[in-house]
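Subject: Handing over a model for you to look at

Dear colleague,

I am passing on the structure we spoke about, with some notes on what was found in it. Please have it open while you read.

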Amino acid sequence: MREAGQVPRHNTSIVVGSVSIAVAAVLLWWLFSTMTFVIPAPTDTLGRLTDLIQQGGYWEHIRSTGVAAAAAFLLSVGIGTILGLLLGLTSWVRHIFGPAIVALNGVPKIVLYPVLLLLFGVGGTSKTMMGLLIGVFPVMMNVAGGMQSIPPIYRRLAESLCATRTQTFFHVLLPAIRRPFMTGTRLAVSLSVVGIVLSEIFATEKGLGRLILARYGSGQYAEMLATVILLLVASFLVTFALWRVEKRVR
Amino acid sequence: MSEAADVHINDVGVTFPDGPDGRPLEAIRKIDEHIEAGSFVSIVGPSGCGKSTLLSLVAGMQMPTRGEIVIGDRRVTAPDRSVGFVFQEESTLPWKTVEENVSFGLRLAGVDRSEQRRIAKEMLQLVGLAGFESAYPSELSGGMRQRVAIARTLALDPTVLLMDEPFGALDQQTRLLIGAEVRRIWRDTNKTVMFVTHDIQEAILLSEEVWVMSFRPAEVVDVIQIDLPPDRDSSVVGTERFNALFGRIWGTVQGEAMHAFHVLEEGAGEGDRHHSRT
Amino acid sequence: MRVTDITAVPEATELAGGRGSRRVWWSRLPPAGWTGVLLVAFIAFWQTSAVAGWVPAAIVPRFDEVVLAGIEEIEAGLFVENLASTVIATVAAHLVGSMVGLVVGVLFWRKESLGRMFEPYLVSFYAVPLVVFYPVALVVLGINDWPIIILSTVMAAIPMALNAWNGFAGIPPVYLRLADSLTASSRQTFFQVAIPAAAPLLYTGTMLAAIYALIGVVAMEFMVARNGLGSRIRYLYEAFDNPGMYFYIVSTLAVSILLVGLLNVLFRRAFPRVLAS
């Protein structure tokens, strides 16, 4: 049985290993593409992607998705933090709304998208709202949960040092939840992006999701796959970066 | 350096209306004591007897149900910066550096930045952690973290210093060393100190006066003057005088501890005392 | 030197440990009760605003119309058919995903460096991004149930793997040393010490697996599928059948809550002391 040992931190072999996994995945992809004609090879896909990026029309879709995702993310973090603080600090809000919110947390909120479409039409607003509805939950739950897990000693310390309520909030409570907050933010990124892409696949004017569906329908699988890979890689990079920052936080 | 204040605990009692079994719980029956300015008083007694509650009362973090506490000429109704409190648990804030932790109280009080830094440095020097200003608590040992907490408390220059089993989580060697430090700081700064501990040896080594508290409902059962030399060190342990003091204190504490043991064993919540005190 | 004026007894304010603070009015109803109140209030508000015309009927139909449409769907057998499709796929994905996740979690616990190499991917593909792979899976596997089941199984396995790994890694080493000192075999240590010790996080992992399996299944049905609650919503949307669509939206939300709630209850019945913390 393993002893309580050291955790390898920025170990080079780990990094090499992670990269090898990505390389192996690409190799598997390439192998797969030789066996079936519907899946284009990695090189073809990459080539197709570089072609697409140079087309103005493609950028319209990227921008539509990107702007909606960014807006949904920022709104999720802002509103989620406020709601989370409210939940975490006020016992009556928790008592009355708590179970309902926890229940709604585990629900596929994408099914509400048609309602948003009816309310706001097929433009960018409805999908941004969808991204917000989905992305607000991890932030809210993590902030609320973080608030409740603050060791009581911190509050007693602030009390013994005669801190005002405002001082306690800004100097002790907020810093104390920085880790859960970061976790919530990281989750909000991928959830908002996915919320928006799913909405686009369902119905929208412009966006990468719509493009994916269209190319699927017309059998242009190389472009479809190129766009899927673009989305996955972008989402991966942002989430990975946030995760690394999160791990450094004391 | 502010003048030490004396502490008057006037006929104080604490009863919680809703105890664990639903009936009122009398935590403290009656404590009526007086501490001269600049003295070092230790409080010993069995676990759960109300020592920490007493300290909370003096700190103003809890209110007695009967009686009052007066420090100097101020009646205690709320926490005050002139009373410093060192907690038993880890109380350093992990996201702040050592220096920021020490100056935290000053910052809350609105003290100017450069002054904060100056005082923090001085306090860290006092507790023997000079040079650790930019370290984070996670990089320090438990003993060092408690010293940071002590430095933080001293930074506000309180007239009364309350310490609630501050070395409870430390090993004996560290306890002896830090204990000696605390006594040295006390002799240099001449504050009034109330020091709660379960370690009788420590109580004798550090203080001038030891109170033995009974199990709940708490009262001060015995007050022992420690007439060992002021410049004592750990070599005094095992001397005749030391053993006599230890024997006397332990005799009383032992009785209370046995009582506590039986009460908790029986699950009785009444807090009635079944034997007479000597 | 004693100060003699003893003033009136001060009120005992928030005494630590006392539950004796006055009962606030809102705490008289337990949280579950309040949830019921919210639900009723919501439905009442819905019906009122639809009837009063605050929201056009073309956007939000009346609640009673939605109920009627629902009854029709149930009588036509469509509701049960689609419900079954979604539930079966979800349960399958949850079970297989939990098992796979557990195995992967154990693997990463025993071979930590392997786990660290995969960790960035597990973390980044956590919470849903894999659904965008659905069209690709459809291309490869065809329009049948496999793409949904396979993808949602993976989506369920990821949170289970991460939580299981965390759960096992967090076992106090002294427990394992104890097992060792009692000459327990690996199998005994695993089932009698490791699993119970990691149980709270294993529970979290499997609950998340259920949630993400469900979200994945419904989301994919919602995109493109032959049947299932998600696909029925899409169909009714495109057919401009608002009452029917709303019925399915509400039912899907209700079914999700019930499924997760049921799982929660089952767990607490089966392992009551596990979640004592």
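Two residues are said to be in contact if their C-beta atoms, placed from the backbone, lie within 7 Å. This is a predicted model, in which local features need pLDDT of at least 70 and side-chain atom pairs count only at pLDDT 80 or more, while totals for chains, interfaces and linings use all residues. Residues are numbered from 1 along each chain as its sequence is written, and chains are lettered from A, with ligands numbered from 1, in the order in which they are written.

A:Ser76 lies in helix 3 (residues 56–89) of chain A, where helices (H or I, at least four residues) and strands (E, at least two) are DSSP runs numbered from the N terminus. Once neighbours within four places in sequence are set aside, A:Ser76 is in contact with A:Leu132, A:Gly135, A:Val136, A:Val139, A:Ala188 and A:Ser192.

Chain C has 10 helices and zero strands, and 38% of its 277 residues count as buried. Among contacts in chain C between residues at least 6 apart in sequence, 73% join residues at least 24 apart.

The two chains also meet, with 46 residues of chain C in contact with 50 residues of chain A. Helix 4 of chain C gives the most to the side of chain C that touches chain A, namely eight residues. By class, that side of chain C has 37 nonpolar, seven polar and two charged residues (Ala, Val, Leu, Ile, Met, Phe, Trp, Tyr, Cys and Pro count as nonpolar, Asp, Glu, Lys and Arg as charged, and the others, Gly among them, as polar).

One helix pair spans both chains: the axes of helix 1 (residues 12–35) of chain A and helix 4 (residues 112–124) of chain C come within 8 Å and cross at roughly 55°. Here axes are lines fitted to C-alpha atoms, for helices over the stretch in contact, and angles run from 0 to 180 degrees between N-to-C directions. These two helices are therefore oblique to each other (angles under 35 degrees count as roughly parallel, over 145 as roughly antiparallel, 65 to 115 as roughly perpendicular and the rest as oblique). The residues making this contact include A:Ile14 and A:Gly17 of helix 1 of chain A and C:Ser113 and C:Arg116 of helix 4 of chain C.

With best wishes

Definitions and conventions
Buried ≥ 20, exposed ≤ 12 C-beta atoms within 10 Å, placed from the backbone.
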